[in-house]
Amino acid sequence: MRAAGSKGPIDLVAVGPRDVRLIQVRRTRKGSNGLASALRELERVPAPPGVTREAWLWRDGQGFVARERV
């Protein structure tokens, strides 16, 4: 599932055979802008066992450059 233009803490919900991922994606032109704040937002989202909360950083011209789990 994807929430286009999401204003909440979760942009993607990925469901696999053994796990579920709650993902927040941040985009930046350079640096790591937004990754720390995304992780803080995700910490407040309750998640049952087997569910991971992740923040991914997309940098223009490079693609995904960082992925962190809470």
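A salt bridge, as used here, is a side-chain nitrogen of Lys or Arg within 4 Å of a carboxyl oxygen of Asp or Glu. Keep in mind that this is a predicted model, in which local features need pLDDT of at least 70, side-chain atom pairs count only at pLDDT 80 or more, and totals for chains, interfaces and linings use all residues. Residues are numbered from 1 along each chain as its sequence is written, and side-chain values use heavy atoms, with hydrogens and water left out.

**Exercise 1. Salt bridges**

Task: How many salt bridges does a search of the whole structure find, and which side chain does R26 meet in a salt bridge?

Solution, step by step:

- The search of the whole structure gives four salt bridges.
- R26 meets the side chain of E41, with 2.9 Å from N to O.
- This pair links distant parts of the chain, since R26 sits in strand β2 and E41 in helix α1, 15 residues apart. (Helices, H or I with at least four residues, and strands, E with at least two, are DSSP runs numbered from the N terminus.)
- Next, check accessibility: buried means under 20% relative accessible area, exposed over 50%, and partly exposed in between, with a 1.4 Å probe and protein chains only.
- R26 has a relative accessible area of 18% and is buried, whereas E41, at 24%, is partly exposed.

**Exercise 2. Two further pairs**

Task: Which residue forms a salt bridge with E54, and which one with D60?

Solution, step by step:

- E54 pairs with R21, and their closest N and O atoms are 3.3 Å apart.
- E54 belongs to strand β3 and R21 to strand β2, so this pair ties together parts that are 33 residues apart in sequence.
- E54 is buried, at 4% relative accessibility, while R21 is partly exposed, at 29%.
- Now bring in R69: R21, E54 and R69 are linked in a network of salt bridges.
- D60 pairs with R27, the closest N and O atoms being 2.9 Å apart.
- D60 lies in the loop between β3 and β4 and R27 in strand β2, so here too the parts tied together are 33 residues apart in sequence.
- D60 is partly exposed, at 28% relative accessibility, and R27 is exposed, with a relative accessible area of 60%.

**Exercise 3. The sheet**

Task: In what order do the four strands form the open sheet, and which strands stand at the edges?

Solution, step by step:

- Here, two strands pair if DSSP finds at least two bridges between them.
- The order is β1-β2-β3-β4, in an open sheet with mixed pairing.
- β1 (12–15) and β4 (63–69) stand at the edges; each has a single partner strand, so one side of each is left without a neighbour in the sheet.
- Neighbouring strands are turned by 30° against each other on average, direction ignored. (Axes are lines fitted to C-alpha atoms, for helices over the stretch in contact, and angles run from 0 to 180 degrees between N-to-C directions.)
- β1 and β2 run antiparallel and are joined by four bridges; a hairpin of four residues connects them, and A14 stands opposite R21 in β2.
- β2 (residues 20–28) and β3 (residues 51–59) run parallel, with nine bridges between them, and V20 stands opposite V51 in β3.
- Helix α1 (residues 35–43) lies across β2, β3 and β4, at about 160° to β3; contact means heavy atoms within 4.5 Å.

**Exercise 4. The aromatic rings**

Task: How many aromatic pairs are there, and which residues form the aromatic cluster?

Solution, step by step:

- Rings of Phe, Tyr and Trp (its six-membered ring) pair if their centres lie within 6.5 Å; planes under 30 degrees apart count as stacked, over 60 as edge-to-face and the rest as tilted.
- By this rule there are two aromatic pairs.
- W56 and F64 pair edge-to-face, at 5.3 Å centre to centre with 80° between the planes.
- W58 and F64 also form an edge-to-face pair, at 5.0 Å centre to centre and 80° between the planes.
- Put together, W56, W58 and F64 form one aromatic cluster.
- W56 is buried, at 12% relative accessibility; F64 is partly exposed, at 37%, and W58 is partly exposed, at 35%.
- Finally, look for a charge over a ring, which needs NZ of Lys or CZ of Arg within 6 Å of the ring centre and within 35 degrees of the ring normal.
- R67 lies over the face of W56, at 4.3 Å from the ring centre, and over the face of F64, at 5.5 Å from the ring centre.
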